[in-house]
Amino acid sequence: MTLDESVYAELDRRLAPVDAARAAAYPGERPGRQPVHTCYVPADAVVPGLAPAWGAAALAALDEHGLPDLGYDAALLDQVLPRVRAKLAAEPVEDLRVDAEDGYRGRPDDEDGDVRRAADAVAADLAAGTAPRSVGIRAKSLEGPTRRRGVRSLDLFLSAVGAPRATVVLPKVTDVEQVRAFLPVLDALEDAHGVALDLELQVETPQAVLGGDGAVTLARMVHAAGPRLTGLHHGTYDYSAALGIAAAHQSSDHPALDLAKQLMQVAVAGTGAHAVDGSTNVLPVGPRGQVHTGWRVHAGLVRRALERGLYQGWDLHPAQLVTRYVATYAFFRGALPAAAARLAAYVERADAGVLDEPATARALAGVVLRGLDCGALDDAEVAAATGLDRVTLDGLSARTGALPPHTA
C-alpha cells in the first residue's frame, strides 16, 4: 500500500456531500405497484359504480365484436384472453382521474356541481369497495385565466371525495415556477381536507420540454416537485398541435413525440416518478369494422409504448380496456420465459460468488413484478419459472430500497 490514508479521507470528505445529494434526488424506484393505465373520465360523466360499469361495457364489446387479428400468436392469446376477462370482471380500472379540464364539456356555471357530484360518486365507490386502487382529479391549469377556477375545483373535489390519498394532475405546465408555486397549494389542501396528495405533471407544451435558456425544463420540474411527484404524463394532442403537426398525423407514435417522451424518461430515471404515455382518440366504437380498427390502433400503440419502457398510458373509453389488457398481458407473458431463465442464471452465479450485472437483474425482476402486479402473471408460475419468490424479486428489483411515497 503506497497511498496515505489522508488521500482516501480527503476524497471521502469532498464527495460525501455529492453522495448525499444524489441519494436524496435519486432515491430509486418507488415501492409498490404502478398502474398500467390512467382512465380519464369527464367530471359530469362520473357516476357511482363507474369502474364495474366500464368493465361490463368492455366485456360486452368483446363478446359482441370478437377480437380482431392483433398480430399475436394464437397460443399466447389462449393464455391471455381468460386472464383479460377475469381482470375486466374484477379490476377493470386501476387508476381513475376525474377530468375537470379538457375532457370536461360542462358550462362554467355547472362545474362546481359536477365536481361535487363526481367526488360524491367516487366516495360512494370507495365506501362500497368498488373504486379503483388509485383516484384523483385533473383540474384546470395555472395559467392566469384558469388559475382560480382550477384550484377551486380541487378544493371542492377533495372536500368530498373521502379518500385517504389522491392524485392531483397539473396540466399544461410551462414553467418550473408554476410547480414551485403549486406545492404550497397542495400543502394547504392537505391540511384543509386530510387527504395525502400526490402530484402528476402533464407534459403538453414545448416549453415544458425545452426552456428558453436551452435547458431541459422537465428535469428542473421533476426536482422542484420533489417526492410528491409520481409521474410525468404526456399529452398527445395538445403537444402535437403546439408543434404544428397536422391533425391527421397527431398520434402518440409520431417521432416528434418520441423525443419528448424519451426526455421524460431520462428526467424521471431514478427519482421514483414515472414517464407515462398519452392517449389515442381513435375509439373502438360503432359497427364491428370500426371497433376492430380502434382496437388495432390502440393495441399497437400500447405494445409500442411497452417496448419502449413506458408501462402506463391513458384510456378514454371502456372498450379500450380490452386492448389495454390484451396488449399488456401479451407483453409480460411473452417476456417471462427469457426473463425467468436469465434471472435464474443470475441468482445461481451470484450464489457462487460471481456478481454479474446487477442492473440487468433489476430490470429483469422489474418486468416480472410488473406482470405480477397487473395480473398478467401469477406467483405460482413465476416461482416455477424462476425459482424465486416475490420477496426475492422485490429485493432484486431494488423496490424495497426506494423511498416511500410522499405522506402528508
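**Domains, pockets and cavities**

The domain assignment divides the protein chain into domain 1 (37-333) and domain 2 (335-397). The model is a predicted one. The contact involves ten residues of domain 1 and twelve residues of domain 2. Taken over C-alpha atoms, the centres of domain 1 and domain 2 are 29 Å apart.

The size of an interface is often expressed as the accessible area lost when the parts come together. Between domain 1 and domain 2 about 980 Å² is buried, with carbon and sulfur atoms giving 50% of that area. On the domain 1 side, Arg83, Phe332 and Arg333 lose the most area to domain 2, together 57% of what that side buries. Three salt bridges are found across the interface of domain 1 and domain 2. Arg83 also forms a salt bridge with Glu381, and the closest N and O atoms of this pair are 3.1 Å apart.

The pockets come next. The largest pocket holds about 780 Å³ of space. Its lining draws at least three residues from each of domain 1 (37-333) and domain 2 (335-397). Of the 30 residues that line the largest pocket, Glu29, Gly309, Tyr311, Ala363 and Arg370 lie nearest its centre. Helix H13 (358-374) is among the elements that supply at least two residues of this lining, along with helix H10 (255-268), strand S7 (274-276) and helix H12 (320-351). H13 gives the most, with eight residues. By class, the lining of the largest pocket has 14 nonpolar, eleven polar and five charged residues.

The second largest pocket has about 620 Å³ of space. It is lined by 29 residues, and those nearest its centre are Arg33, Pro35, Ser134, Asp198 and Thr230. Strands S2 (95-99), S3 (134-138), S4 (165-170), S5 (196-203), S6 (229-234) and S7 each supply at least two residues of this lining. Its residues divide by class into ten nonpolar, nine polar and ten charged.

The largest cavity contains about 80 Å³ of space. Among the 13 residues lining the largest cavity, Asp277, Gly278, Leu301, Val302 and Arg324 lie nearest its centre. Helix H11 (288-307) and strand S8 (313-315) each supply at least two residues of this lining, and the largest share, four residues, comes from H11. The lining of the largest cavity comprises four nonpolar, seven polar and two charged residues.

How values were computed:
Residues numbered from 1 in each chain as written. Predicted model: local features only at pLDDT ≥ 70, side-chain atom pairs only at ≥ 80, totals over all residues. Heavy atoms only, no water. 1 Å grid on protein atoms, 1.4 Å probe; cavity = no way out; pocket = protein on both sides within 12 Å on 5 of 7 lines; lining within 4 Å. Points joined across faces, edges and corners; volume = space filled by probe spheres on them. Nonpolar A, V, L, I, M, F, W, Y, C, P; charged D, E, K, R; others polar. Domains from an automatic or database assignment. Contact = heavy atoms within 4.5 Å. Buried area = accessible area lost by both parts, 1.4 Å probe. Salt bridge = Lys/Arg side-chain N within 4 Å of Asp/Glu carboxyl O.
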